[in-house]
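Could you look this one over with me? My notes follow as numbered points.

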Amino acid sequence: MKFLKYLKPYRIYALLAPLFMLGEVTVDLLQPKLMSAIVDDGVLKYDLRVILHTGILMMLLILVGGACGVLSSVFSGCASQGFSRDLRSDVFSKVMRLSFQQTDKFTTGSLVTRLTADITAIQQMVDFALRMFVRDSIMFVGGIFMMLSMNVRFGLALAVAMPIEIVVVIFIMKRANPLYTEVAKRLDTVNSVMQENVSGSRVVKACVREDHESARFDVANTDLMSANLKVQKLVAILQPLLMIVMNMSVIAVIWIGGRQVDAEEMKVGQVMAAVTYLTRILMGIMMLSMMFQTVSRASASAKRIAEVLGTEPVISDGRGAAGCSGKGSVSFRGVTFSYPGSSGDPVVCGIDLDIAPGENIAILGATGSGKSSLVDLIPRFYDTDEGEVLVDGVNVRDYALDDLRGRIGIVLQKSELFSQTAAENIRWGNKNADEEEVRLAAETAQADEFIMTMPEGYDTLIAEKGASLSGGQKQRMSIARAVIKKPEIIIFDDSTSALDLGTEAKLQRALRENLSGTTVITIAQRIASVKNCDRIAVLDHGRLVACAAHQELLDTCGIYQEIYRSQVRTSGGED
Ligand SMILES: Nc1ncnc2c1ncn2[C@@H]1O[C@H](COP(=O)(O)OP(=O)(O)OP(=O)(O)O)[C@@H](O)[C@H]1O
Ligand SMILES: [Mg+2]
């Protein structure tokens with residue numbers, strides 16, 4: 001089992017847990033024997049002293065056994081919880097390092113299930129192995145030994161009862177195991193329907209899809225119930241069947257024992273003890289079968305986790321470009337790119353473009369023309385299929401990822417904020433920024449004003465995914481987050497689409513004042529947002545059709561003229 005290394009730091013606990021369990025089992029195994037002594041030597045012989053002494057001994061042993069049991073639980077908990085914490089954090093950091101194309105393939109829901117339910121299944125198995133497995137196997141072997149040591153003839157009852165019980169257990173488990181896999185799968189479906197609906201609750205409400213989605217959830221939920229019921233029905237048969245076998249064999253033991261007592265070859269107390277041992281042995285078999293079930297469930301989970309841990313990020317550090325301290329130039333050389341796994345024309349095709357340090361360039365084009373895809377290649381969210389992207393004259397594949405991404409501030413098309421305070425969200429760009437810097441960045445991004453109107457200003461907690469903010473407020477928070485980083489290159493991917501023209505103009509003025517020397521790449525839909533840029537690159541179906549200043553494009557570029565005309569017409573006169 002390759003996860004064993006996660007138990008290593010906790011090996012002391014992992015050793016102590018079974019050791020103390022050994023103590024508890026030993027006491028458990030001694031009890032019936034002492035009980036028989038009380039009956040045979042005490043009660044039957046009217047010897048109160050034996051009853052008293054053995055009783056006290058039993059009491060003491062019970063206390064010791066109980067203490068051992070508690071300690072075993074505690075140590076096993078320490079080992080298994082520590083184990084799962086470490087494993088979880090390894091899986092988490094792996095997930096964080098995976099490239100987008102890989103996390104997309106796993107899907108968010110499945111990654112969450114792997115990080116939670118699957119790891120819990122393995123943790124339970126570790127806990128079981130350290131305690132239950134030790135207890136039940138010793139109980140089983142020790143029980144047989146103790147029973148036979150009293151009278152070999154009891155072996156007869158065992159020889160009949162044990163195989164029957166084993167057959168019954170295997171029969172039921174064989175049927176139950178695939179059902180458990182089915183239950184896990186259906187739980188996955190319930191989880192993903194729920195996750196989708198909780199995170200998309202606004203859309204569900206807006207589209208009045210509550211009934212439809214509730215029905216979808218009901219189907220998944222009922223499926224889960226019926227799978228669970230099937231398992232329960234099987235387990236419901238198991239219990240009484242085992243009880244029948246157990247009671248029959250108890251009768252057999254009493255019968256064998258009774259005849260021995262009659263023939264004065266055995267004492268009543270010994271028969272009583274034998275009955276207790278027998279029930280323990282048979283219970284042990286049942287518990288061991290549960291153990292196997294836990295193992296099989298955990299091994300399914302282990303496979304799912306190993307799959308994540310075994311995935312190497314396709315985008316990883318290059319050999320480093322430490323000495324390179326450029327000014328923020330970006331070059332695309334014959335860049336072609338398609339999303340992994342998708343077919344058809346490439347989304348970005350044969351792009352050649354040189355962006356000078358400190359240049360203010362815009363990328364314009366119809367929706368779906370590949371603008372976001374093109375800029376995503378700069379911080380290596382994806383790798384090019386052909387051609388190369390250079391930052392400061394060095395191929396992006398040669399940089400260490402942290403170094404490369406440290407040079408770039410990117411405001412993504414979809415603003416993502418986190419459930420932290422406003423200031424903390426902005427500090428994502430630069431964790432060492434002081435209050436003044438945070439405020440300055442917010443001012444530049446035109447976010448200061450609305451942040452100050454929030455109940456606790458910069459200390460106001462932002463709801464998950466920024467749900468407590470308007471679209472434009474989220475965009476400005478994200479801009480502040482990128483600005484505070486003071487990067488060489490800053491990319492705005494449609495970051496002002498939700499701002500009114502007045503605010504946008506103020507923002508652009510502030511950015512010009514505060515980002516002098518920074519290379520600025522602005523993606524926009526509105527020509528009004530970009531016409532003051534040094535150059536505007538026009539994309540059409542993934543191809544670069546022109547790159548020049550506003551006036552020149554108006555004179556020479558057909559596609560640009562078309563976009564311009566359509567915007568002037570719809571906005572009723574722009575410019
Ligand atoms: N993760 C992805 N996997 C597969 N295909 C994608 C992915 N993201 C985008 N695409 C496809 O790539 C093409 C270009 O998308 P892109 O997001 O670059 O367009 P865009 O110019 O930024 O559009 P918009 O102005 O609407 O933001 C689209 O046809 C889109 O369907
Ligand atoms: Mg886009």
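1. First, a term: two strands pair if DSSP finds at least two bridges between them. Helices (H or I, at least four residues) and strands (E, at least two) are DSSP runs, numbered from the N terminus. With that in hand, β3 is joined to strand β8 (residues 519-524) by 5 bridges, and the two run parallel. Within this pair, Asn 360 sits opposite Val 520 of β8.

2. Some housekeeping. This is a predicted model: local features need pLDDT of at least 70 and side-chain atom pairs count only at pLDDT 80 or more, while totals for chains, interfaces and linings use all residues. Residues are numbered from 1 along each chain as its sequence is written, with chains lettered from A and ligands numbered from 1 in the order in which they are written.

3. Now the other flank of β3. Strand β3 (residues 360-365) also runs parallel to strand β9 (residues 535-540), again with 5 bridges. Here Ile 361 faces Arg 535 of β9, and Ile 363 stands opposite Ala 537.

4. How covered is β3? Taking buried as 20 or more other C-beta atoms within 10 Å of a residue's own (exposed is 12 or fewer, partly exposed in between; C-beta atoms are placed from the backbone), 6 of the 6 residues in β3 are buried. On one side these are Asn 360, Ala 362 and Leu 364, and on the other Ile 361, Ile 363 and Gly 365. In a regular strand, side chains alternate between the two faces of the sheet.

5. Zooming out, the open sheet has 6 strands, ordered β6-β7-β8-β3-β9-β10, with mixed pairing. β6 (408-411) and β10 (543-548) are the edges; each has a single partner strand, so one side of each lacks a neighbour in the sheet. On average, neighbouring strands are turned by 15° against each other, direction ignored; axes are lines fitted to C-alpha atoms, for helices over the stretch in contact, and angles run from 0 to 180 degrees between N-to-C directions.

6. Then there is ligand 1. Its shell holds 13 residues, of which Tyr 339, Thr 367, Lys 371, Ser 372 and Ser 373 come nearest; near means a C-beta atom, placed from the backbone, within 6 Å. Helix α9 (residues 371-376) gives the largest share of that shell, 3 residues.
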